[in-house]
Amino acid sequence: MSERKVLNKYYPPDFDPAKIPKLKLPKDRQYVVRLMAPFNMRCKTCGEYIYKGKKFNARKETVQNESYLGLPIFRFYIKCTRCLAEITFKTDPENTDYTMEHGATRNFQAEKLLEEEEKRLQKEREEEELNNPMKVLENRTKDSKLEMEVLENLQELKELNQRQANVDFEAMLKQYKELEEEQRRKEQEEDEQEMKAMLEQAQHRRLLLDSDSDEEPAKPRPGATAPTKPTDILQEDPQPQSKRPRTASWERSVGKLSTRAQLAGLVARRRQEPDPALENAPGTGGTAASTGSLPAAAAAAATSSLGLLGAYSDSEGSASD
């Protein structure tokens, strides 16, 4: 069984390569290649911009009767992406670039135009010097004069820079260090002043608190004086909610009855003036004495009734508890 991948081919003994017929292809044959636009261009037909790097399926051919140092020159045919107009350009091995031929104009080639103009002037000058020796002398004199002017200007610039560059770096560093030390010293002074101000403020606040605590016991408390009149007790301010004793609901609505100590001052004895007719009448001494003791008896009866009421209220309160 033979191999699948054959590396050696069989040549019969009577094989003659000269008998193989050769294909006669035209020299200007075109090939289809894939390429990118080598430069920015603008179509002359529709004005469409074609930027560098855009890909095309181009036709390639060899330019007849044109070469550079034995290198062939190739021509490329592409179509505009908008109007499908044909655009052609070819290689330029002399300048390692491409040359636009037909259908578009090349953009952004100001530098290239400047270089071409310089080359043209240089070529014209060489042709003039080749046939005219006096022109060579004139050009050399102009060149030497221009060179001297350039050197003088350069020397002036150097002297100007030297005059302006007389800088003492040591003095500059010393001045910088002095400024830095002064700034550091100012910052330390500001910090110390701020600390002193804070300490004084704290000490002043402490003194104020101490003085306030010393002065508080000397101040008279409101409502500490005893009432001078029996009715002043009704005009006193009520006690605070935290110090007020807890009372029952019926005491809040009806009132507490055991208020003998507070209402004792409200009862006053009323003195009756003796009737002069009864005093002058005979046999009325006993009656006058009895009538004179009536107010005292009434007061005693009122006091006893109040006491009974207080005892009753106390008993009721204990029963409710």
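Predicted model: local features only at pLDDT ≥ 70, side-chain atom pairs only at ≥ 80, totals over all residues.
**View A. A nonpolar surface patch formed by Y11, F15 and I20**. Areas follow the Shrake-Rupley method with a 1.4 Å probe. I20 belongs to the segment before β1 (31–36). Its relative accessible area is 47%, so I20 is partly exposed (buried is under 20%, exposed over 50%, partly exposed in between).

View B. E61 counts as buried because its relative accessibility is 10%. Its side chain makes a polar contact (N or O atoms within 3.5 Å, one able to donate a hydrogen and the other to accept it) with the side chain of Q30, at 3.1 Å. Leaving aside residues up to four places away in sequence, E61 touches (heavy atoms within 4.5 Å) D28, R29, Q30, I73, F74, R75 and Y77.

**View C. The open sheet β3-β2-β8**. Its 3 strands pair in antiparallel fashion, pairing requiring at least two DSSP bridges. The edge strands, β3 (49–50) and β8 (104–106), each pair on one side only. Strand β2 (residues 41–43) is joined to β3 by 2 bridges, and M41 stands opposite I50 in β3.

Residues are numbered from 1 along each chain as its sequence is written, and side-chain values use heavy atoms, without hydrogens and water. Local features need pLDDT of at least 70 and side-chain atom pairs pLDDT 80 or more, whereas totals for chains, interfaces and linings use all residues.

Technical notes
Buried < 20%, exposed > 50% of the residue type's maximum accessible area, 1.4 Å probe, protein only. Helix = DSSP H or I, 4+ residues; strand = E, 2+ residues; numbered from the N terminus. Patch = residues over 30% accessible without salt bridge, like charges linked within 9 Å, V, L, I, M, F, W, Y side chains within 5 Å. Salt bridge = Lys/Arg side-chain N within 4 Å of Asp/Glu carboxyl O.
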